[in-house]
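Hi,

Here is the model I promised to pass on.

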Amino acid sequence: MEIPVYTLDAFTNLPFKGNPAAVCPLLHELSDDLYQKIAAEITCQKPLLSSPDQTLADTFTSGTRFRLRWFTPTTEINLCGHATLASAAVLFQYKNNVNPTLVFETRSGALSVSKKKEGYIMDFPLNPPTKEDHSDFKDIIKATVGNQPVQEVFLSRDTKKLMIRLPDSCERSMLTSLKVDPVALLNSDSSGRVRGVIVTMKGTLLRGLASQKILSPGLPTPSWVATGPKHLEKRKCLLTSAQVVVGSWNLK
């Protein structure tokens, strides 16, 4: 059995920018061990394997619903936006799917991606955060942004993500140059309330959009930059036109 592998850059309109993901369209599900071994072989700078399979659909071309799983080189994760976008792009652009909207059945429920002019719209779960007192998370804040000023702190109790908002007066370079020790971050909280940290600020890349750095110290790729009005709400996402088929696995 030969498995095609596509690498795509999401959240960008330029080659070799944005967030790369590897996508393997499958006719049938594989064993968990095999998924993980394939993911470990991916050599993207920030690797993530996305594997839509045809189990719920007649064909990749006509189907509207697909199962989807996401793997880093070491573990399966519950949700990944850029790899979902990349999976939809493979189905729309390379498998010539004829439908305007695709639905992926995932660990996080049903996620939809629709074609919209030159890009795509993802409809993801909304996990509204609550505003929190800075002092309740002072060790995490210190491990994340050091002595930099903080405007607000929010916590999503559903996803256990803490969002630290830097003041609007900060330069964007403060965010993009942020260096976080993942070990120190991991050791900064023992309550179990926080599993990831988002550092955000008012952005200048696109009109009104925010810039974010997402930190997940439990994963092998602890940080990457994303853009969007709010994290994982419905938003328009651009995909580069430089998607390339990079290889395949021949499984006997």
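Leaving aside its neighbours within four places in sequence, which residues is V113 in contact with? With contact meaning heavy atoms within 4.5 Å, V113 touches T84, L85, A88, F92, P100, T101, L102, F104, Y120, I121 and M122.

Before the rest, some housekeeping. This is a predicted model, where local features need pLDDT of at least 70 and side-chain atom pairs count only at pLDDT 80 or more, while totals for chains, interfaces and linings use all residues. Residues are numbered from 1 along each chain as its sequence is written, and side-chain values use heavy atoms, with hydrogens and water left out.

The overall picture: the chain has five helices and 17 strands, taken as DSSP runs numbered from the N terminus (helices are H or I with at least four residues, strands are E with at least two). Of its 252 residues, 46% are buried; here buried means under 20% relative accessible area, exposed over 50%, and partly exposed in between (1.4 Å probe, protein chains only). If you take contacts between residues at least 6 apart in sequence, 58% of them join residues at least 24 apart. The chain exposes about 12800 Å², and carbon and sulfur atoms supply 50% of that (Shrake-Rupley method, 1.4 Å probe; for residues, only the protein chains shown count as cover).

Now the cores. A nonpolar core is a set of buried Ala, Val, Leu, Ile, Met, Phe, Trp, Tyr and Cys residues joined through side-chain atoms within 4.5 Å. The largest one has 27 residues, and V113 is among those with the most contacts inside it, along with L8, W70, L85 and F104. The elements giving two or more residues to this core are β1, β2 (19-23), α2, β7 (101-106), β8 (109-116) and β9. Helix α2 gives the most, with eight residues. There is also a second, separate core of 18 residues, which includes V150, L155, L175 and V197.

Neighbours within four places in sequence aside, T84 is in contact with L68, W70, F104, L111, V113, M122 and F124.

Last, the aromatics. Rings of Phe, Tyr and Trp (its six-membered ring) pair if their centres lie within 6.5 Å; planes under 30 degrees apart count as stacked, over 60 as edge-to-face and the rest as tilted. By this rule the count comes to five aromatic pairs. Y6 and Y94 make a tilted one, at 5.1 Å centre to centre with 45° between the planes. That pair links distant parts of the chain, with Y6 in strand β1 (residues 2-10) and Y94 in helix α2 (residues 81-94), 88 residues apart. Y6 counts as buried at 8% relative accessibility, whereas Y94 is partly exposed at 29%. F92 and Y120 are stacked, at 5.5 Å centre to centre and 10° between the planes. F92 lies in helix α2 and Y120 in strand β9 (residues 119-123), so this pair ties together parts 28 residues apart in sequence. Ring pairs also link F60, F66 and F104 into a cluster.

Cheers
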